[in-house]
Amino acid sequence: MEMTLVGLRVLREVAERGTFTAAADALGYTQSAVSRQVAGLEQATGARLFDRYPGGVRLTGSGRALLRHAVVALDALEAADRELRGAEEVERGRVRLGFFPTAGAVIVPRALAMLRQEHPHIQVTTREGTTPSLVRALRAGTLDLALLSSRPPHRSPDTDDPPLSVEPLLEVHLAVVVPAGGPFAERGSVSVEEIAGAPWIASPGTADEPLLGVWPGLPGRPKVRHTARDWLTKLHLVAAGAGVTTATPTLLPVVPPGVRLVSVEGVAEEVRRVSLVRMPGPLGASMQALARALRRQAADLAA
């Protein structure tokens with residue numbers, strides 16, 4: 001068998017989505033059709049392209065090598081199609097940005113507003129996601145830049161080759177968000193013991209990401225009373241007295257009335273680093289402009 005364009009597109013989609021089922025949904029195929037395309041590529045290359053594990057698949061070394069070439073080939077074909085349709089100039093100004101959820105509340109919209117003023121011709125498309133999903137998208141060539149959050153010791157978000165370019169932009173300390181009318185609001189800090197039994201508001205945990213919104217390392221099982229993916233929803237639930245959650249001071253510009261951020265005493269500080277991550281290599285002018293806007297917004301929040 002020979003490699004086909006359909007097979008390469010399926011390879012890229014599975015690599016980005018992490019499962020055959022998700023790739024099939026994105027492409028409008030059946031799962032069996034995706035499996036057949038992958039099997040065909042494996043037969044054509046004589047190599048296993050994915051390792052199967054509970055909950056999904058992961059590229060093998062051979063799969064990563066083929067993906068790098070597939071991205072180049074597919075991008076070249078898409079560029080040719082755009083040129084033939086007369087859309088090349090528009091596409092040159094396009095940048096695809098991924099970001100973790102809280103970055104979408106302050107850093108990203110402010111950077112995009114700045115970019116529109118300084119470079120109105122640049123078109124930015126955005127996608128919110130978990131760290132693993134955004135890293136897969138960078139590797140698959142469907143994202144150009146990504147804002148990721150990390151905890152110490154701040155390792156690279158993956159160990160694949162070639163190593164990703166990781167540029168730290170900002171470091172912040174995690175805090176607990178409490179109702180302004182609650183017992184902790186007038187204090188500057190609380191202890192772990194005091195918040196261990198509090199009702200928590202958290203994001204639903206996934207295979208990609210742990211439970212977000214609960215203080216790390218709490219003794220016992222946290223009492224999660226409400227789940228929400230959107231951080232502003234969590235903050236409004238706190239303001240309504242429904243419980244407590246965690247956040248960083250980067251959200252202060254958009255926090256609703258009725259909440260307070262307090263630190264946690266008696267434990268090591270929880271530091272979060274915001275980094276700009278991309279594939280290695282030179283950046284185009286549009287990506288450089290967006291990167292500069294993101295750096296400036298991060299610097300303003302750090303000031």
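1. Strand β8 runs parallel to β12 (residues 259–265), and three bridges join the two; within this pair, S191 stands opposite E265 of β12. Strands here are DSSP runs of E with at least two residues, helices are runs of H or I with at least four, and both are numbered from the N terminus; two strands pair if DSSP finds at least two bridges between them.

2. Please keep in mind that this is a predicted model, in which local features need pLDDT of at least 70 and side-chain atom pairs count only at pLDDT 80 or more, while totals for chains, interfaces and linings use all residues. Residues are numbered from 1 along each chain as its sequence is written, and side-chain values use heavy atoms, without hydrogens and water.

3. The pair belongs to an open, mixed sheet of four strands, in the order β8-β12-β7-β11. Because β8 (189–191) and β11 (245–247) each have a single partner strand, they stand at the edges, and one side of each is left without a neighbour in the sheet.

4. Helix α9 (residues 231–239) lies across β7 (175–179), β11 and β12, and runs at about 130° to β11. Contact means heavy atoms within 4.5 Å; axes are lines fitted to C-alpha atoms, for helices over the stretch in contact, and angles run from 0 to 180 degrees between N-to-C directions.
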